[in-house]
Amino acid sequence: MASGEVKLIGAWASPFVMRPRVALNLKSVPYEFLQETFGSKSELLLKSNPVHKKIPVLLHADKPVCESNIIVEYIDETWSSSGPSLLPSLPYDRAMARFWAAYIDEKWFVALRNFLKAEGEEEKKAVIAEFEEGNALLEKAFIDCSKGKPFFNGDHIGYLDISLGSFLAWLRVTELAASYKLLDEAKTPSLCKWADHFCNDPAVKPVMPETAKLAEFAKKIFAKPQA
Amino acid sequence: MTEEVILLDFWASMYGMRTRIALAEKRVKYHYREEDLWNKSSLLLQMNPVHKKIPVLIHNGKPLCESLFQLEYIDETWPEENPLLPSDPYKRARAKFWADIIDKKVNVAGRRIWTTKGEEKEEASKELIEILKTLESELGDKDYFGEETFGYVDIALIGFYSWFGVYDKYGNINIESECPKLIAWAKRCLQRESVAKALPESEKITTFISERRKKLELE
């Protein structure tokens with residue numbers, strides 16, 4: 001059993017911060033959540049992550065671990081005897097989980113962010129096409145990885161579920177703002193079922209931001225400055 | 001069971017060099033297939049339909065993409081020889097953190113040096129020196145990033161050494177004078193057979209980039 005106090009520097013609205021929170025919950029690891037104030041960075045954050053100055057940062061016995069996906073793997077390896085494994089056991093399946101998690105951050109999430117920035121019919125059409133192409137890839141990836149089970153990781157939530165699931169609240173906020181169904185049962189039925197399972201998991205519920213609260217927050221941070 | 005390992009790669013790719021080094025460190029026999037990046041093979045497009053990029057490692061018919069994930073896969077699949085990643089979870093997390101920085105910053109700045117002009121190029125040169133200095137400071141007085149042994153972070157970075165000539169020439173910088181410890185580290189790595197065989201000669205890459213720039217009408 002790994003020893004040492006666990007702290008997490010983060011913010012309730014950040015999907016990246018949600019990742020280690022779900023992982024710590026799955027491993028039943030108690031931690032102190034140190035919330036950053038939006039718009040400013042604490043001394044502790046700047047000292048713990050001098051290179052990127054970003055959240056989340058996990059502090060385990062005061063040693064910092066940075067980058068959300070790296071933190072999730074660290075949690076899995078450190079508390080390996082507690083709770084189910086977050087990564088598959090076979091090296092090939094682990095490589096695939098990492099591949100898709102990287103795809104989600106580098107392509108899928110970028111397409112999601114571009115949704116609200118798109119202006120004009122042409123740009124909107126292009127962004128929708130790009131996003132739906134990504135969804136189709138993830139739908140297939142889910143079928144391949146889950147092998148008939150409820151999660152990418154099988155019977156239990158794992159690394160890849162956490163990587164994609166952490167964006168679901170922001171996806172819902174984007175759907176409301178764009179008046180467009182981004183996760184459609186007709187087009188990606190497996191992903192929709194998976195999203196339901198993910199959101200209802202007891203390790204996820206306490207840390208998933210409420211859509212209304214997040215939408216209010218989004219309005220505030222994306223609001224154009226007053227002239 | 002007979003193992004079949006194929007690597008789809010491009011000779012000048014600093015990412016492909018990573019996988020070549022890792023396979024050599026583990027003494028894994030493999031078939032090397034050179035890809036023409038301007039005329040990609042149907043095998044490449046079939047094995048990496050999402051990104052259509054090299055390197056692609058094909059192990060017994062199953063494709064693995066993204067060089068850093070290939071390094072981990074190789075380490076996990078052939079664990080007996082020369083471990084590439086430390087076993088301690090904290091050290092592993094630090095190794096992945098630094099490899100992630102290398103991926104996010106070195107090529108972005110490096111590529112802009114030889115593809116842009118004027119202020120943009122100058123800014124890219126400054127950024128590259130800055131990131132190399134950060135890496136040099138992380139290396140400190142150690143022989144390797146992996147502390148006592150050559151490993152994952154060393155492999156993640158060393159391929160870029162063969163491109164330093166390109167960055168020096170087009171960026172009007174001198175990496176050796178700015179980061180002497182990093183150059184000493186690179187030369188130390190080059191003493192390993194796996195690295196010496198994987199890295200092309202710097203001049204070859206500089207010539208290649210000069211030709212690319214002509215095609216892109218940059219010179």
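Which residues of the largest nonpolar core touch the most other members? I'll answer that, then move to the interface. Please keep in mind that this is a predicted model.

The largest nonpolar core has 154 residues. Those that touch the most other members are Trp108(A) and Trp194(A) in chain A, and Leu128(B), Trp163(B), Tyr167(B) and Trp185(B) in chain B. By element, H4(A) gives this core its largest share, 15 residues.

Take Trp185(B) as an example. Leaving aside residues up to four places away in sequence, Trp185(B) touches Leu139(B), Asp143(B), Tyr144(B), Phe145(B), Asp154(B), Leu157(B) and Ile158(B).

Now the interface. Chain A brings 25 residues to the contact and chain B brings 24. Between them the two chains bury about 2200 Å², with 68% of that on carbon and sulfur atoms. On the chain A side, Tyr92(A), Arg98(A) and Phe99(A) account for 27% of the area buried against chain B, more than any other three residues.

Lys104(B) pairs with Glu67(A) in a salt bridge, and their closest N and O atoms are 3.1 Å apart.

Where does the chain A side come from? Strand E4 (63-66), helix H3 (68-78) and helix H4 (91-117) each supply at least two of its residues. H4(A) supplies the largest share, 11 residues. Sorted by class, the side of chain A that touches chain B has 15 nonpolar, three polar and seven charged residues.

Definitions and conventions. Residues numbered from 1 in each chain as written. Chains lettered and ligands numbered in written order. Predicted model: local features only at pLDDT ≥ 70, side-chain atom pairs only at ≥ 80, totals over all residues. Heavy atoms only, no water. Contact = heavy atoms within 4.5 Å. Buried area = accessible area lost by both parts, 1.4 Å probe. Salt bridge = Lys/Arg side-chain N within 4 Å of Asp/Glu carboxyl O. Helix = DSSP H or I, 4+ residues; strand = E, 2+ residues; numbered from the N terminus. Nonpolar A, V, L, I, M, F, W, Y, C, P; charged D, E, K, R; others polar. Core = buried A, V, L, I, M, F, W, Y, C linked by side-chain atoms within 4.5 Å. Buried < 20%, exposed > 50% of the residue type's maximum accessible area, 1.4 Å probe, protein only.
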